[in-house]
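Subject: Structure handover

Hello,

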Amino acid sequence: MTNKQRTRTDYAASILGARGSMSVGGGAYSEYGGATTCVLVRFAGHTALLDAGTGLLNLPAELLTAPSLPLLLTHAHADHLLGLPLCPYVMRRGARLEIYGRTRNGLDAETQARRLLSPPLWPVGPEKLPAEIAFHDLPDEFYLGADSRAASRETGGIHVKTMEGEHPNGVSLLRLERDGRSVVLMTDCTLTERVWGDALEFARGCSLLLCDGQYGDDEWRVCSGFGHNSWKTAARFARECGARNARIIHHDPFHTDAILNEAAHETEEICPGCAFAKEGEVIAL
Ligand SMILES: [Zn+2]
Ligand SMILES: [Zn+2]
């Protein structure tokens, strides 16, 4: 198949979970969804999963038979990890999940995951799951091959760049590029003065920016130390970095559809088109 024959959705980001901090459910959340952070990125035949919140359970059925999948973790706070042990993909023998995450608080990615996925917090560890799960340190910059393992520049694949953000216990900002398209995931990072300039350059001109904007102005006065942003800050950042398309993510568990629809009027004024991400949304790159 040539590039011209490909449909636009061959290059897309699927929002499998857009909620932050804690998953929620019920009719008041039917529009934006209740599952926590997980994004599926596709560059034609190359696929990557970003974060393993409860949205990971929304993995499309056609990927359940993939021989391998790569999962990049921004950090291992529970809202970004809790989907891992129940994801249907890891319930299949013969599947292989390659997980990339950074050492935090002196613990490598595997040890962090095992803190949550071991008795008595969870009945079994990753080694008891039917799928093979391998953990790797997340390099600053690397190529992700079609077999979900790190590849050389010559072999190619998805070009992954990272930047450390501002968040309790740390967070990696992720930029994935291939074939002139790019996705930037900037969740759980407070865009302080210290990181604003570097973050702008990191996200500059991307096809799609996904930026944390958990709070309204009133909440921000109380929650400014929690490692997130106000939605107005996220919209301002989206406008300034020149992203071709942008969504605000990591919605607060108490923000119903009605609250987010109201907030969308405020962000639309700052950055037209910068909407709040909806679970199930597929955004062409
Ligand atoms: Zn979070
Ligand atoms: Zn966090």
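How do the residues of the lining of the second largest pocket divide into nonpolar, polar and charged? There are eight nonpolar, six polar and one charged, where Ala, Val, Leu, Ile, Met, Phe, Trp, Tyr, Cys and Pro count as nonpolar, Asp, Glu, Lys and Arg as charged, and the others, Gly among them, as polar.

This is a predicted model, with local features needing pLDDT of at least 70 and side-chain atom pairs pLDDT 80 or more, while totals for chains, interfaces and linings use all residues. Residues are numbered from 1 along each chain as written, chains are lettered from A and ligands numbered from 1 in written order, and side-chain values use heavy atoms without hydrogens or water.

Of its 15 lining residues, Gly45, Thr47, Ser68, Ala146 and Ser148 are the closest to its centre. Strand 4 gives the largest share, three residues.

The largest pocket has a volume of about 220 Å³. Its lining includes His75, His77, Arg104, Arg115 and Asn169, and divides into three nonpolar, six polar and two charged residues.

Leu57, Leu86 and Met91 make a nonpolar surface patch of about 270 Å². Leu86 lies in the loop between strand 4 (68-72) and strand 5 (96-101) and is partly exposed, at 48% relative accessible area (between 20% and 50%, 1.4 Å probe, protein chains only).

Regards

How values were computed:
Patch = residues over 30% accessible without salt bridge, like charges linked within 9 Å, V, L, I, M, F, W, Y side chains within 5 Å. Areas by Shrake-Rupley, 256 points an atom, 1.4 Å probe, with all protein chains shown as cover. Salt bridge = Lys/Arg side-chain N within 4 Å of Asp/Glu carboxyl O. Helix = DSSP H or I, 4+ residues; strand = E, 2+ residues; numbered from the N terminus. 1 Å grid on protein atoms, 1.4 Å probe; cavity = no way out; pocket = protein on both sides within 12 Å on 5 of 7 lines; lining within 4 Å. Points joined across faces, edges and corners; volume = space filled by probe spheres on them.
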